[in-house]
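Have the sequence and the 3D view open as you read.

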Amino acid sequence: MKIRHAAAALALMTAASATPALAQSAPDWSGFYVGVHGGFLDSDEDKNETLVFDRDFDGDFDDTVVLNGTTNDAFSPGYCSGQASNPSPTSCDRDDGGVEGGARVGYDMQFGNWVVGGVAEIAAVDAEDSVSGFSTTPANYVFTRNLKHTAALRARLGYAMGPALFYGTGGAVYGKIDNVFRTSNGANSFTETVEEDDADGYQFGGGVEWSLAPNLTLVGEYLYTDLEAGEHVVRAGPGTAPATNPFILAPNPAGTDITRSNPDFKTHAFRLGMNIRF
């Protein structure tokens, strides 16, 4: 009996002494940190996106391009989200997924289990978002946005549990976009006007940061980004096309302005990263 009592007392003493040690091992999330991240992006394509047209150059893209002598829509073959591989809307390649890599700096303050802070990031990005239209000629018309880099400033709110910090994040984001147009139409002339390559928007998401060592953490994160891109207008002019060409019919033989119906570039990002905390 004495042996059993002694063993029980030893076990209680061991557990009691281990509890403070565990408490002391929980990380303190307050302070500055720097880090790097990389991941995969998937464009959130608008499957209902189309091309829209301004026939009278009044700035409103609310006109229909019709066939000569009829009210039939010259773009009746339709549209697709992606890049046309030939003049038929049945052959449209979905945009490939993108990648990104970047760096961050942030600061957190811990209040009990709650952690609040802010983070600033820059990232190099390779992602695209396309829409294609098809005319009865037949011909295709492809508008593509290529996202090149982003810069973001977000707030963070988290809850610490043991070695983990679970958090939500949200804020403003800026992006640099290259606009590209291509077509299989060799008759009309095409002149591009890009209002701006800059895009502004917002981000939100969440993740978990896991303490690997006193000053080193591993981060897993999801982010949704919505950028409003500058207007990319292409004017289809006469070129070598005959006067019966749908783009140059009256009331405007000078041509037709074309742009995308959706100004937004949206992505889903899945990231892994590491932070060094000070």
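Strands here (E, at least two residues), like helices (H or I, at least four), are DSSP runs, numbered from the N terminus.

## Model and confidence

This is a predicted model, in which local features need pLDDT of at least 70 and side-chain atom pairs count only at pLDDT 80 or more, while totals for chains, interfaces and linings use all residues. Residues are numbered from 1 along each chain as its sequence is written, and side-chain values use heavy atoms, with hydrogens and water left out.

pLDDT is the predictor's confidence in each residue, from 0 to 100. Its mean over the protein is 89, and 90% of the residues reach 70 or more.

## Two cavities

Cavities and pockets are both found on a 1 Å grid over the protein atoms alone: a cavity is a set of points where a 1.4 Å probe fits but cannot get out, whereas a pocket is an open set with protein on both sides within 12 Å along at least five of seven lines; lining residues have an atom within 4 Å of a point. Grid points are joined across faces, edges and corners, and a volume is the space filled by probe spheres set on the points. Two cavities of 30 Å³ or more are present.

The largest cavity has a volume of about 70 Å³. Strand 8, strand 12 (216–228) and strand 15 (264–277) each supply at least two residues of its lining, and the largest share, three residues, comes from strand 15. Among the lining residues are Leu41, Glu100, Leu147, Thr225 and Arg271. By class, the lining of the largest cavity divides into five nonpolar, four polar and two charged residues, where Ala, Val, Leu, Ile, Met, Phe, Trp, Tyr, Cys and Pro count as nonpolar, Asp, Glu, Lys and Arg as charged, and the others, Gly among them, as polar.

The second largest cavity has a volume of about 40 Å³. Its lining has four nonpolar, one polar and five charged residues, including Arg104, Glu121, Arg154, Arg156 and Glu221.

## The largest pocket

The largest pocket has a volume of about 170 Å³. It is lined by 14 residues, and Ser135, Thr137, Tyr141, Asn245 and Pro246 lie nearest its centre. Eight of the lining residues are nonpolar, six are polar and none is charged.

## Core and a buried aspartate

A nonpolar core is a set of buried Ala, Val, Leu, Ile, Met, Phe, Trp, Tyr and Cys residues joined through side-chain atoms within 4.5 Å; buried means under 20% relative accessible area, exposed over 50%, and partly exposed in between (1.4 Å probe, protein chains only). The largest core has 16 residues, and those touching the most other members are Leu51, Phe53, Phe75, Tyr141, Phe143, Phe247 and Ile258. Strand 8 gives the most to this core, with three residues. Aspartate 257 counts as buried because its relative accessibility is 9%. Not counting residues up to four places away in sequence, aspartate 257 touches Val52, Phe53, Asp54, Phe57, Phe61, Val233, Val234 and Arg235.

Notes
Contact means heavy atoms within 4.5 Å.
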